[in-house]
Amino acid sequence: MTTPHTTDVSHIAPREKAEILSQALPYIRKFHGKTIVIKYGGNAMTDPVLQQDFAEDVVLLKLVGLNPVVVHGGGPQIEGLLSKLGKKGEFIQGMRVTDEETMEVVEWVLAGQVQQDIVGLINAAGGKAVGLTGRDGGMIRAKQLKVQDKDDPSKEHDIGQVGDIVSIDPSVVKALQDDQFIPVVSPIGFGEKNESYNINADVVAAKLATVLQAEKLLMLTNIRGVLDKAGELLTELTPRRIDELVADGTISGGMIPKIAGAIDAAKSGVNAVHIIDGRVPHAMLLEILTDQAYGTMISSR
């Protein structure tokens, strides 16, 4: 019995298969040598079939001459371990409140379990992945993030060891890319006193895409993209339209930092930012190597 995620191509004639492959050629040529930053999250991280698809797609992109960089989250995995420890996760305006004990769990899950699972999957699919945190090569310097209250701008929320990026030094990522490795980055930064900070993975992906001058930033999610109040897909968004959607509550919660990061990246020179459905098998390949549009594209104007 086939799973819902399995794509059966056995019925496709050889000539049709060849035509499908040849259609990818212009995109391979266009993006050869370019960096693609991928925020990996949602069902794509938890469904075993989609995990395998993702790993194979990343390896294929590398083999045809692109430079994928993976930035991963791990919210459900963190929540799962906190629950086992009898500790309930608390969120303020989409941000996880992170005390010292929670930070230890975050580091163990992100820089340990989740990162090594992704590295292992990519390596098993024929790639050469290397796991990094913000400490490696002094990559992500951070400070404590204070969250402004959305209703009262004069009020700030202290959410513990949650970080705001001060700077990103991408030299370790570039060195790995030059040696044909695939960097897999956990969103953990460090402060002036060597303290650890949990940073929103969408924000890290967006900032890393900016400093690497990436061709594309792809954000894998659990939805088809950004939806309007009627549940219809918005295929392209501008900053002005996004402001309207935040104001009327269409965009809220955890989607806010994702969208904010996407806008910043688009304004800072990343050529295309896409929020795509990670539940679709091989969604990345369909987005990058075909003329089929998937999800929502964020433009800078």
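# Notebook: sheet, helices and salt bridges

**Entry 1: a helix end.** I started at Ala124, which lies in helix 6. I kept in mind that this is a predicted model. Is Ala124 buried or exposed? Ala124 counts as exposed, because its relative accessibility is 70% and the exposed class begins over 50%. I then looked up a distance from there: the C-alpha atoms of Ala124 and Val59 are separated by 9.9 Å. Along the chain, Ala124 and Val59 are 65 residues apart.

Entry 2: I found eight strands in an open sheet, running 5-8-2-1-11-13-14-12, with mixed pairing. Which strands sit at the edges? They are strand 5 (129–132) and strand 12 (236–237), and each of them pairs on one side only.

Helix 6 came back at this point. Helix 6 spans residues 100–124 and packs on the sheet. I listed its contacts as strand 1 (35–40), strand 2 (67–72), strand 5 and strand 8 (182–185). The direction of helix 6 makes about 170° with that of strand 5.

**Entry 3: around strand 8.** Strand 5 pairs with strand 8 in the parallel sense, over four bridges. Within that pairing, Leu132 has Val185 in strand 8 as its bridge partner. Strand 2 also runs parallel to strand 8, and two bridges join them. Here I noted Val70 opposite Val184 in strand 8.

Which side chains of strand 8 lie on each side? Ile182 and Val184 are on one side, Pro183 and Val185 are on the other, and all of them are buried. Both faces of strand 8 are therefore covered.

**Entry 4: strands 11 and 13.** I moved along the sheet to strand 11 (residues 216–221) and strand 13 (residues 272–277). How many bridges join strand 11 and strand 13? I count six, and the pairing is in the parallel sense. Leu217 stands opposite Val273 in strand 13.

Helix 10 (residues 255–267) packs on the sheet as well, touching strand 1, strand 11, strand 13 and strand 14 (296–298). The direction of helix 10 makes about 150° with that of strand 13.

**Entry 5: helix 8 against helix 10.** How do helix 8 and helix 10 lie relative to each other? They pack at an angle of about 5°, with their axes 8 Å apart. Helix 8 and helix 10 are therefore roughly parallel, as angles under 35 degrees count that way.

I wrote down who meets whom. Helix 8 brings Asp202, Val203, Ala206 and Thr210. Helix 10 brings Pro257, Lys258, Gly261, Ala262, Asp264 and Ala265. By type, the residues of this contact divide into five nonpolar, two polar and three charged.

**Entry 6: salt bridges.** Asp202 sent me on to charged pairs. As background, side chains of opposite charge can pair when their charged atoms come close. Searching the whole structure gave six salt bridges.

- Lys39 and Asp202 meet through their side chains, N to O at 3.0 Å. Lys39 is in strand 1 and Asp202 in helix 8, so this pair links distant parts of the chain, 163 residues apart. Lys39 is buried at a relative accessible area of 7%, and Asp202 is buried too, at 5%.
- Lys34 pairs with Glu215, with the closest N and O atoms 3.5 Å apart. Lys34 lies in the loop between helix 2 (25–31) and strand 1. Glu215 lies in the loop between helix 8 (201–211) and strand 11, and 181 residues separate the two. Lys34 is partly exposed at 34%, whereas Glu215 is buried at 11%.
- Arg241 and Glu244 meet at 3.2 Å, N to O. Both lie in helix 9 (residues 239–247), three residues apart, about one turn of the helix. Arg241 is partly exposed at 32%, and Glu244 counts as partly exposed at 41%.
- Lys87, Asp99 and Glu101 are linked in a network of salt bridges.

Methods. Residues are numbered from 1 along each chain as its sequence is written. This is a predicted model: local features need pLDDT of at least 70, side-chain atom pairs count only at pLDDT 80 or more; totals for chains, interfaces and linings use all residues. Side-chain values use heavy atoms; hydrogens and water are left out. Two strands pair if DSSP finds at least two bridges between them. Contact means heavy atoms within 4.5 Å. Axes are lines fitted to C-alpha atoms, for helices over the stretch in contact, and angles run from 0 to 180 degrees between N-to-C directions. A salt bridge is a side-chain nitrogen of Lys or Arg within 4 Å of a carboxyl oxygen of Asp or Glu. Buried means under 20% relative accessible area, exposed over 50%, partly exposed in between (1.4 Å probe, protein chains only). Angles under 35 degrees count as roughly parallel, over 145 as roughly antiparallel, 65 to 115 as roughly perpendicular and the rest as oblique. Ala, Val, Leu, Ile, Met, Phe, Trp, Tyr, Cys and Pro count as nonpolar, Asp, Glu, Lys and Arg as charged, and the others, Gly among them, as polar.
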